[in-house]
Amino acid sequence: MALHLLCDRLVNPKTKTKRRTQSANQERGGSLGTVGRVVDRALTAVIDVLTDEPSATTLLVKQHQLVKALFKQIEGTPAHADKLELFEELAQNLVAHDAIEREIFYPACEKALGMSDLLGEALVEHGVIEFCLYEADQATKDDFAVKCRVLGEMVLHHAKEEENELLPRVQKTLAKAQLERLGKQMQERFERAKAEDFRAQVYDNLKQVLAGATKPSKRAPKSSKRAPKSSKRAPKSSKRAPKSSKRAPKSSKKSSKRRRAARRVA
Ligand SMILES: [Fe+2]
Ligand SMILES: [Fe+2]
């Protein structure tokens, strides 16, 4: 069990827990109850952090916890200037988290589990969160609190679904070594995304969302510019068609009236 491994690791820091964790994972089977599985997952996460080998799922849960803590801090901070300072940190973390999930983790999930409603919903929710993040960032002093609260509610709902449904499925399907490789890749991408301007990333992501895209493409900036134009053109051309088809009968009626009038005169 993870508890024994944690105790070993704390009592004897030189003990290599990686091999022990692997064997414990194999021994677990399905004998644990729901509470047992939750505790076991949490303790495994602690071990991963202690051994500096966070798996992809552990990394995501750790980031969820940080984001939740930042929302609480913002809510409990009285001065608006301090709230904004915390919000900047929150936004940087959220945008970098979005990047590693949409660019690395979700594609790996799709490859391992196939596309499902669960994954599809998660992708759509990321778009909604981007919009709420943009709204909160643009908020005035008067509406910052409500906009930030709505953002928080969306993020908490999304993170809860990931932790309760998606991550356990991934943990069951992918091998520990695969999860660790992904985790390393995601950690590196997270650091890079976090160092960039979060607003530029939010705007670019929003462009893609407004164009109806849920998955990021490698040529994101180009496709995000092209997509809205083509999507706007389509409805316009479809509206034009009925107008022109209505005009045709009118003109034919007029011309037939004129013809009849001309005959009477003649
Ligand atoms: Fe997510
Ligand atoms: Fe997440």
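Student: Leaving aside neighbours within four places in sequence, which residues is L133 in contact with?

Tutor: In this predicted model, L133 is in contact with A91, L94, L151 and V202. The cut-off behind the word "contact" is C-beta atoms within 7 Å.

Student: Happy with that! Now, why is L59 called buried?

Tutor: Let's count. L59 has 24 C-beta neighbours inside 10 Å, and a residue is buried if 20 or more lie within that distance. The count of 24 meets the cut-off, so L59 counts as buried.

Student: Where does L59 lie, and what is L59 in contact with beyond four places in sequence?

Tutor: L59 lies in helix α4. Setting aside the neighbours within four places, L59 is in contact with P54, G183, M186 and Q187. Take Q187: 128 residues separate L59 and Q187 in sequence, while their C-alpha atoms are 7.7 Å apart in space.

Student: What makes up the largest nonpolar core?

Tutor: That core has 34 residues, and A56, A91, F105, L133 and M186 touch the most other members. Helices α4, α5, α6, α7 and α8 each supply at least two residues of this core, with α5 giving the most, 11 residues.

Student: How many helices and strands does the protein have?

Tutor: The secondary structure comes to 10 helices and zero strands.

Student: And how many of the protein's residues count as buried?

Tutor: Of 266 residues, 23% count as buried. As for contacts between residues at least 6 apart in sequence, 66% join residues at least 24 apart.

How values were computed
Residues are numbered from 1 along each chain as its sequence is written. Chains are lettered from A and ligands numbered from 1 in the order in which they are written. This is a predicted model: local features need pLDDT of at least 70, side-chain atom pairs count only at pLDDT 80 or more; totals for chains, interfaces and linings use all residues. A nonpolar core is a set of buried Ala, Val, Leu, Ile, Met, Phe, Trp, Tyr and Cys residues joined through C-beta atoms within 7 Å. A residue is buried if 20 or more other C-beta atoms lie within 10 Å of its own, exposed if 12 or fewer, and partly exposed in between; C-beta atoms are placed from the backbone. Helices (H or I, at least four residues) and strands (E, at least two) are DSSP runs, numbered from the N terminus. Two residues are in contact if their C-beta atoms, placed from the backbone, lie within 7 Å.
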